[in-house]
Amino acid sequence: MMDSSPCPQARKRPSLRKAVLPLALSLVLALPYVGFAGEVVRLRDRFKPDENQLVDTDIGDLMNLGDYGDVLESYRQAGYRSPDVSPVVLAPSMAKGPEGAAPTVVSDYEGRQGEALLWHDGTSLYEWTFAVSESGLYEVETEYCPVPGDVTPIRRRLFLDGEVPYRQADNLFLPRRWEEATDPYFDLDNNEKSPRLRQVTEWSVTSLSDSKGLYPNPLRLYLAAGTHTLGLEYVSAPVALGEIRVRPAASPPSYADALAAWTRDGFVPYQGEAAVQEAESAEWRSHQTLKRVYSADPATSPSPRGNVLQNTIGGGRWQNGGQSITWVMDVPEDGLYRLSFRILQNYGAGVTVHRQVLVDGVVPFREVEAYPFLYENRWRTQAIADPQGQPYLFALKKGKRAITLQVMTGTLTPLVRELEACNLLLSDIIRDITAVTSSQPDPNFQYDLDKVIPWIMEDFDELARRLGAQAEYLEGVSARRPPLANSLLSAVQEIEGLLKFPNTIPNKLNDLVNMQTNLANWYLSMQYQPLTVDQVWLTARDEAAPDLRSGFFRKLTVVFLNVFQSFFKDYDSIGTGAIEGIEVPTDEYRKIDVWVARPKEWGELLQVLADEEFTTRTGIFADINILPAGSAGAIGISPLMLSIISGKAPDVAVSSDIQTPVELAIRESAQDLSGYPDFEAIRDRFLPGTMTPFEYEGGVYALPETMNFMLMFYRKDIVGEMGIPLPDTWDDLYSRTIPRLKQNGAEMFMYLDFNMFLFQKGGSLYREGNRRTGLDSEEAYNAFLQWTDNYTVYKVTASANLFNHFRVGDIPIAIGTMSEYLMFLHAAPELFGRWDIAPIPGTKREDGTIDRTSGGGVTSSMIFSQSDDKEAAWEFLAWWMSDETQLRYGTEIESIIGPEARWLSANVAAYRNMAWEPRHLAVMNEAFKWIRNPPNVLGGYYTGRHLNNAWTRTVLGGMNARDSLEAAVKEINRELERKNQEYERIYGDGKHG
């Protein structure tokens with residue numbers, strides 16, 4: 001509970017924050033300091049926007065929602081208690097959709113008798129109206145069943161009487177269950193591979209809880225006696241809902257009370273033989289991430305003995321709040337058992353991790369709501385015990401019993417909350433400073449920030465005190481002093497230096513930005529709670545589970561064995577060699593060689609999917625070989641080019657770049673895919689604009705694998721505070737948005753993308769059969785002029801660390817790519833609810849539509865003309881880029897690496913079925929309509945090079961735009977003509993004309 005937190009309460013910042021126009025700074029500083037603070041006026045108050053010109057920014061109230069911890073504390077201070085009443089049952093048929101629409105109710109769904117609400121994304125919100133007889137604290141419990149065939153996270157947003165009650169209710173998860181679908185199997189080097197997982201489609205019951213594991217109990221709601229409305233809004237994934245029960249909030253009893261109750265019920269301490277369960281053979285897990293993992297420790301069961309064995313579970317994949325692993329153990333008789341785990345907890349050099357212990361889905365007593373596992377840099381067997389080391393006893397009935405460990409942050413919750421609050425405070429401080437100094441202060445100017453914006457000194461003082469308190473708190477709840485405590489104290493010393501010498505603040509702005517980045521990283525790292533488990537033990541009260549350890553000589557033997565075997569292992573191929581337990585439809589394998597230029601985890605997953613699905617269906621064995629990222633291209637000297645020259649090219653390459661397929665097609669080294677009978681059907685899986693770069697002389701030489709495209713990002717909090725209108729067209733951007741940004745001392749960022757302007761003006765890069773550039777047209781000149789004016793006239797930022805500047809807030813609007821989207825989404829948690837995306841600005845057409853055409857980067861998958869079995873290679877490519885394979889690959893790679901590794905599949909159906917926010921997916925769908933890429937042509941590499949040279953001459957050198965573009969046109973045409981003549985001499989007239 002947060003009332004016991006040692007963290008100081010956050011001081012409220014002034015309700016009227018003041019900012020100063022950088023352009024007026026010299027005038028302001030010339031005024032006497034006496035009475036100065038009262039004369040400073042906020043920019044947004046000085047320059048009131050025309051409300052009729054504002055584009056709806058959909059700012060919403062999410063950023064203003066209270067934290068559940070604060071709400072819980074307000075409940076405590078108000079003296080709210082759980083009422084002694086029966087639960088209120090909300091049946092599926094009681095639900096009402098938008099405008100009172102009736103729900104889709106089915107009977108006997110997936111083995112459950114009675115009615116169920118089948119909820120797909122066609123309905124955004126369901127509401128239930130109910131009444132409670134007594135005021136008090138309640139929690140919400142629901143029956144649910146995942147819809148077969150969908151594996152994306154099941155997320156819903158909760159409303160009480162039409163409002164989201166606190167931030168944690170905005171993103172609620174209904175956990176799935178996963179089980180192993182096959183036995184482990186072995187690769188060519190006799191190393192064990194973890195079996196794939198499949199979803200358990202069955203009914204479950206859960207209480208709606210905090211998805212990050214910060215609070216051990218289900219989320220509580222205060223309900224006054226009377227009628228209320230409970231709403232659930234669709235966020236992602238279909239689900240079937242059974243009964244929803246609004247029941248009085250309950251907490252587990254203390255251990256003493258639980259033990260007394262068990263004793264009254266006749267439970268006595270167990271005295272028989274110990275029961276042991278290999279942890280890697282878990283029955284269920286909540287996430288696909290939670291697969292078996294390898295431990296080289298010789299005492300681990302089973303011992304690896306020189307080969308890789310998936311002999312434990314958890315580790316770095318089992319670290320996020322809410323993730324759980326369940327073991328089903330055969331309990332020999334009713335009794336009180338001692339529960340122990342053989343674990344490795346060497347995370348964070350001293351940080352304690354926590355797990356909630358559940359028996360048959362219930363927390364048996366309060367002390368194991370968030371049980372601490374202290375740091376120790378070795379494997380150990382630990383009994384679940386009190387702080388004095390006395391083991392707790394667990395009442396277990398004879399038969400199959402489920403033992404669950406679920407990730408919680410426990411005693412680190414106050415620290416996590418404070419780091420988040422300190423990060424937001426530092427963000428406000430930096431914004432106040434840059435409002436005066438800009439993001440690049442003049443090192444020779446004396447800004448006197450302690451006088452111009454005196455409140456930042458109070459803010460700095462508060463920040464130093466709070467960070468110092470957290471360093472002390474962290475050390476108190478850890479086994480030893482963690483490095484983070486020292487880092488926090490270093491930050492305190494840095495801030496104290498600024499308090500002592502305030503004139504150095506402008507010169508330390510970059511240090512403050514770095515400090516904010518560190519605070520965000522610390523905030524994230526404290527929520528990561530890894531734990532590796534080898535065995536689960538149930539023993540008699542006085543019988544300790546064996547504490548198995550590896551001695552020095554035993555470890556040394558394993559080291560020598562691993563070194564010896566390394567001389568005989570194939571580290572390039574990750575083929576399994578044999579697929580145990582899977583029937584292959586033919587007696588003989590056809591074999592193709594596939595090169596993938598991605599990290600090991602990506603390649604290993606592709607091998608697993610190929611073994612399980614492609615090989616079993618076709619009888620064709622795919623041998624996946626991993627190359628370094630970026631080395632599956634034909635530009636420069638690469639392994640791929642060397643293999644082609646030597647006549648040893650693979651059959652297929654995936655994860656190649658956008659230029660390689662046509663570069664190799666020109667040299668007759670790539671296979672034309674357009675001649676295969678099912679090509680047109682497969683082509684329909686992709687956006688037309690993503691196919692263009694692979695078309696050449698009537699052929700198509702690759703399929704797009706992943707795609708990237710342009711979006712507009714904006715800080716909802718800053719845009720709303722400053723009254724900045726979001727641009728719908730370029731005219732809006734230039735006439736309203738950018739001036740308003742400049743008035744507030746803010747900037748806009750935009751990548752150097754010329755094609756966006758060229759395509760929207762109706763121009764093209766090439767003409768005359770792609771033998772000459774199209775940049776000598778009037779459309780191209782107007783596009784080039786607009787492109788360069790962005791940076792010369794409107795001073796848009798073209799080179800900056802967008803991630804940091806967007807977080808700081810001095811660049812609150814930017815046009816970037818999906819790469820930035822994933823960074824903001826997963827690496828900037830302090831911005832949760834404070835940013836959003838929108839379509840990029842466009843050009844208004846005569847019919848009123850807005851043309852938002854822009855480029856979309858893609859990677860490619862291709863077949864080589866040297867392949868001995870092109871039919872098999874095409875079957876592999878068709879399978880690899882199918883809807884089902886791409887969705888499964890994307891889902892599983894995200895489960896292995898994390899949500900930041902979201903697979904941006906070029907297969908549109910697979911892309912849309914990933915776990916996107918519906919409102920964000922709507923923006924992406926709009927972008928899909930406008931993705932267009934230029935063709936790859938002979939000598940086309942000169943186009944981008946000389947366009948960038950022309951931009952540099954105009955923007956940085958001050959050269960006339962038309963003269964600069966004409967110089968580029970001359971050079972591009974010369975190279976296009978030279979290359980066409982060269983290849984006509986080699987291949988014959990007309991071959992490449």
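Let's start inside: Cys 145 is buried, with a relative accessible area of 0% (buried means under 20%, exposed over 50%, and partly exposed in between, using a 1.4 Å probe and protein chains only). Cys 422 is likewise buried, at 0% relative accessibility. The structure holds 0 disulfides, a disulfide being a pair of cysteine sulfur atoms within 2.5 Å.

A word on the model: it is predicted, so local features need pLDDT of at least 70 and side-chain atom pairs count only at pLDDT 80 or more, while totals for chains, interfaces and linings use all residues. Residues are numbered from 1 along each chain as its sequence is written, and side-chain values use heavy atoms, leaving out hydrogens and water.

Next comes an open sheet of 4 strands, ordered S35-S38-S34-S39 with mixed pairing. Strand S35 (748-750) and strand S39 (835-838) stand at its edges; each has a single partner strand, so one side of each lacks a neighbour in the sheet. Strands here are DSSP runs of E with at least two residues, numbered from the N terminus, and two of them pair if DSSP finds at least two bridges between them. S35 pairs with strand S38 (residues 813-817) in the parallel sense over 3 bridges, and Met 750 stands opposite Ile 815 in S38.

Finally, look at helix H11 (residues 552-566), where Phe 560 has its place. Helices are DSSP runs of H or I with at least four residues. Phe 560 counts as exposed because its relative accessibility is 56%.
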